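Let's take a walk through this fold together. Have the sequence and the coordinates open as you read.

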Amino acid sequence: MIAKPIVPRELANRDVDQAIAYYRREASDEVARAFVRALEMAYRHIRRHPGSGASRYAVELNLPGLRSWPLKRFPHVIFYIETRDRFDIWRVLHSARDIPAWMERN
């Protein structure tokens, strides 16, 4: 069986780019690379265990199928929906943000 691809939306890519820029500016290139590795590990987990993400925000935002998965060692959360042929990555947000407000900006 071929693994479904991870397909980030434009806003998710922007979220990741902003996080990388922040870690480079406030910490170091190594911390930024560690963030990218944590993101890649989380994507692998989502591919293997798509149902393990929390569905809390699906109810709160009335977005059926929306799940979230936290990054290890970084305060960011991936928001995704599994479709028949891919994993649609909606956002990658810092956990201290007002998640519902940020998600509604889609």
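In which sense do β2 and β3 pair, and over how many bridges? The two strands run antiparallel and share five bridges. Here strands pair if DSSP finds at least two bridges between them.

## Ground rules

This is a predicted model, in which local features need pLDDT of at least 70 and side-chain atom pairs count only at pLDDT 80 or more, while totals for chains, interfaces and linings use all residues. Residues are numbered from 1 along each chain as its sequence is written, and side-chain values use heavy atoms, with hydrogens and water left out.

## Overall layout

The protein chain holds four helices and four strands, in the sequence pattern β-α-α-α-β-β-β-α. Helices (H or I, at least four residues) and strands (E, at least two) are DSSP runs, numbered from the N terminus.

The C-alpha trace spans about 40 × 35 × 20 Å along its principal axes. A compact globule of 106 residues would have a radius of gyration near 13 Å, and the protein chain agrees, with 13 Å. That radius is taken over C-alpha atoms, and the globule rule is 2.2 Å times the number of residues to the power 0.38.

## The sheet

The four strands make an open sheet of mixed pairing, ordered β1-β4-β3-β2. Because β1 (6–8) and β2 (66–70) each have a single partner strand, they stand at the edges, and one side of each has no neighbour in the sheet. From one strand to the next, the twist averages 35 degrees. Angles run from 0 to 180 degrees between N-to-C directions, and axes are lines fitted to C-alpha atoms, for helices over the stretch in contact.

β3 (residues 76–82) and β4 (residues 87–94) pair antiparallel over seven bridges, with V77 opposite L93 in β4.

Helix α2 (residues 29–48) lies across β1, β2, β3 and β4, at about 30 degrees to β3.

How do the two helices meet each other? The axes of α1 and α2 come within 7 Å and cross at roughly 150 degrees, which means that α1 is roughly antiparallel to α2 (the term applies to angles over 145). Residues making the contact include V16, A19 and I20 of α1 and F35, V36 and L39 of α2.

Technical notes: Contact means heavy atoms within 4.5 Å. Angles under 35 degrees count as roughly parallel, over 145 as roughly antiparallel, 65 to 115 as roughly perpendicular and the rest as oblique.
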